[in-house]
Amino acid sequence: MRLRAPKSLTKTFAIIVLCLLSALFARAQDGPLWIEKIEPPSWWARHTINPVRLLVRGRDLKYARVSAEKGAPFEVFGQKANARGTYMFVNLRISPTARPGDYNLLFATAIGIKRVPFRINAPLDSKQNFQGITTDDVIYLIMTDRFSDGDPSNNLPAGAPAASFDRRNSRSYHGGDLRGVIDHLPYLKELGVTAIWLTPWYDNWNGVKTCDKPWCPSTYYHGYHAIGYYGVEDHFGDMQTLRELVAKAHALGLKVIQDQVANHIGSQHPWANDPPLPNWFHGTLQNHLLEKFQNSTVLSPHANRDEVRNTLDGWFSDDMPDMNQEELEVARYEIQNSLWWVGMTGIDGIRQDTIQYIPRFFIRDLSNALHRQYPRLWMVGEVFERDAAQTAFFIGGHKGWDGIDTKLDSVFDFSLWNVSLEVFTGKKPMRALRDQLKYDALYPDPSKITTLTNNHDTRRFMSIDDATLEGAMLHTAFMLSVRGIPQLYSGEEIAMEGKDDPDNRRDFPGGFPGDKRNAFSANERTREEQRMWQWTRDWIKLRRDHTAIRHGRLIDLFYDDDVYCYARQDSRETVIIALNRSANEKVITIPAASIGVRDGAQIVPLLGATNRTNVANGVAMLIVPAKRATAYRVN
Ligand SMILES: [Ca+2]
Ligand SMILES: [Ca+2]
């Protein structure tokens, strides 16, 4: 497609004169036109977003006129530079017949023309990629830096000071990377999980932060301070390795979830001191609101404007500039960025960080854009709240009082997680699980919730006061058999310890050169570790083997201070789960007739119990062993 010619020769002449004068002026000040990067650096033909809006970073851009090189299958229009000439926005409309390949954009000034490459990508196969996440999945969270170092050559990349890589400092890089994840895909397959969520792989600053606080010296090993939304962190690998990871995971039947962070960037991002537009952020590095975490002000229809603005516009921390999605250019940039990662890597889902600080209209627009291009793609939002009314407010499928349906596929169930930790460390009665689950009434479809055992921001179970291995086992069994999509945190399967961040992010034993033992291997695990590992695997397998656990209704059968028993039932089968946290065996009576189980039916142990029982007079008696979770099938 040809670039549209200017409408008249007079106009062309005027532009040339203007460019000439401007360029001469510019040269006197800053030197010639310079282009650092174009974002996105590539796109696709026949994409639901067309034209794609490019953000060009460089110098003297206001004196340049951009066009497509002859033969390039796109047209360029609508260019707009910022006042400093350091950024330019421009539309690129790609011809539906465009072939994948490398083409050029031309940036013309009076002193010459600069060619800048732009790629049209070959689309990935939509059958094997972009699969979405369902209740058939079990998600396994990996903090990439702390899982396995598969490539020691990237432990000190260019520009990284020696202190940035130090396994003795819990806030330094430890060397874990994408290669380490690839190397352990068979381990994950053996455990039985079906999806991996990796903490952010965006490019982050390689330096070491120093200060007089206890958390210094520190690095951005965790990935939540992006300095480039389009780069892969060089400690972790590169785009080629990332694509290899997704392809190899898919080949083994494992899905991949990317951790995306639309709410904020890191203060080392070039934007922090030179934003593309004056309103690119909510405020500036020097002058901004600081988040007070009054999260319920977004939920409440009665909140005043100032407190809502603080929640949505406040910076998560002073070194995390808050993106302004009310600015259309920001919203377009972020939506395109999200879709670009999906298209480039073939990932199946997204975990969206700190989503309740992002305006709800933007969550909706992002969700819609993702589903328009990749109908099965799934996004879960981190609404870190113990109040189910708050988490339910953010899930898609219903409108809030503000008239907005976020279309968000899932939210993490922090309310149930919190109650489960308290129950299985003896702080609340077992019936509290049922009492929490009744608030599923707030969700349009409770099966869509993502239930977590823990994550990289929470204490590990074994480091909570009064934790026991049996408690951890009950907590895991509950999360793997209750409604929703379960998510485990790497290391829970071997009952790792870890107090608050960053102690909860200890290295996986055996993942790193020089480790004394390898807990990825059964014969090097301790007895306790192996017990937890086998238990986790057994409950994952139970879930995989039973459609009722994955898709069925949840029906309460019995609850008191020490026992909770529920059925999972679909049109094919009934599975009964009984959890007993007390030190004594418990005999409970369940109302079998009320779930359609007739007299004479047998209740047969599947896991954790040995006694069969028959249904008589509409009820069945179950003998639930002490400190155990048990599962039964109705024959
Ligand atoms: Ca490494
Ligand atoms: Ca925000």
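Visitor: What are tryptophan 271 and tyrosine 333 called, buried or exposed?
Guide: Tryptophan 271 is buried, and so is tyrosine 333; the word is used for residues under 20% relative accessible area, whereas exposed means over 50% and partly exposed lies in between, with a 1.4 Å probe and protein chains only. This is a predicted model, in which local features need pLDDT of at least 70 and side-chain atom pairs count only at pLDDT 80 or more, while totals for chains, interfaces and linings use all residues. Residues are numbered from 1 along each chain as its sequence is written, chains are lettered from A and ligands numbered from 1 in the order in which they are written, and side-chain values use heavy atoms, with hydrogens and water left out.

Visitor: How many aromatic pairs does a search of the whole structure find?
Guide: The search finds 40 of them, a pair being two rings of Phe, Tyr or Trp (its six-membered ring) with centres within 6.5 Å, called stacked if the planes are under 30 degrees apart, edge-to-face if over 60 and tilted for the rest.

Visitor: Why is the aromatic pair of tyrosine 202 and tryptophan 341 called edge-to-face?
Guide: Its centres are 6.3 Å apart and its planes stand at 65°, so the distance falls within 6.5 Å and the angle is over 60 degrees. Tyrosine 202 belongs to strand E11 (residues 202-204) and tryptophan 341 to helix H7, 139 residues apart; helices (H or I, at least four residues) and strands (E, at least two) are DSSP runs, numbered from the N terminus. Both tyrosine 202 and tryptophan 341 are buried.

Visitor: What makes the pair of tryptophan 271 and tyrosine 333 edge-to-face?
Guide: With ring centres 5.1 Å apart and planes at 75°, the pair meets the conditions for that name. It links distant parts of the chain, since tryptophan 271 sits in the loop between strand E13 (255-260) and helix H5 (296-299), and tyrosine 333 sits in helix H7, 62 residues apart. Ring pairs link a cluster that includes Trp271, Tyr333, Tyr202 and Trp341.

Visitor: Why is helix H4 called roughly perpendicular to H7?
Guide: The axes of H4 (residues 239-251) and H7 (residues 328-345) come within 9 Å and cross at roughly 65°, which makes H4 roughly perpendicular to H7. Axes are lines fitted to C-alpha atoms, for helices over the stretch in contact, and angles run from 0 to 180 degrees between N-to-C directions; under 35 degrees counts as roughly parallel, over 145 as roughly antiparallel, 65 to 115 as roughly perpendicular and the rest as oblique. Met239, Leu242, Arg243 and Val246 in H4 meet Trp340, Trp341, Met344 and Thr345 in H7, contact meaning heavy atoms within 4.5 Å.

Visitor: How do you know that the charged end of lysine 80 sits over the ring of phenylalanine 89?
Guide: It is 5.2 Å from the ring centre, and the term asks for NZ of Lys or CZ of Arg within 6 Å of the centre and within 35 degrees of the ring normal. Arginine 360 likewise lies over the face of phenylalanine 393, at 3.7 Å from the ring centre.

Visitor: Why does arginine 46 count as exposed?
Guide: Its relative accessibility is 60%, so it passes the limit of 50%. Arginine 46 lies in the loop between E2 and strand E3 (52-59), and its phi is near 55°, a positive value in a residue other than glycine.

Visitor: Why does alanine 495 count as buried?
Guide: Its relative accessibility is 16%, so it stays under 20%. Alanine 495 also has a positive phi, of about 55°.
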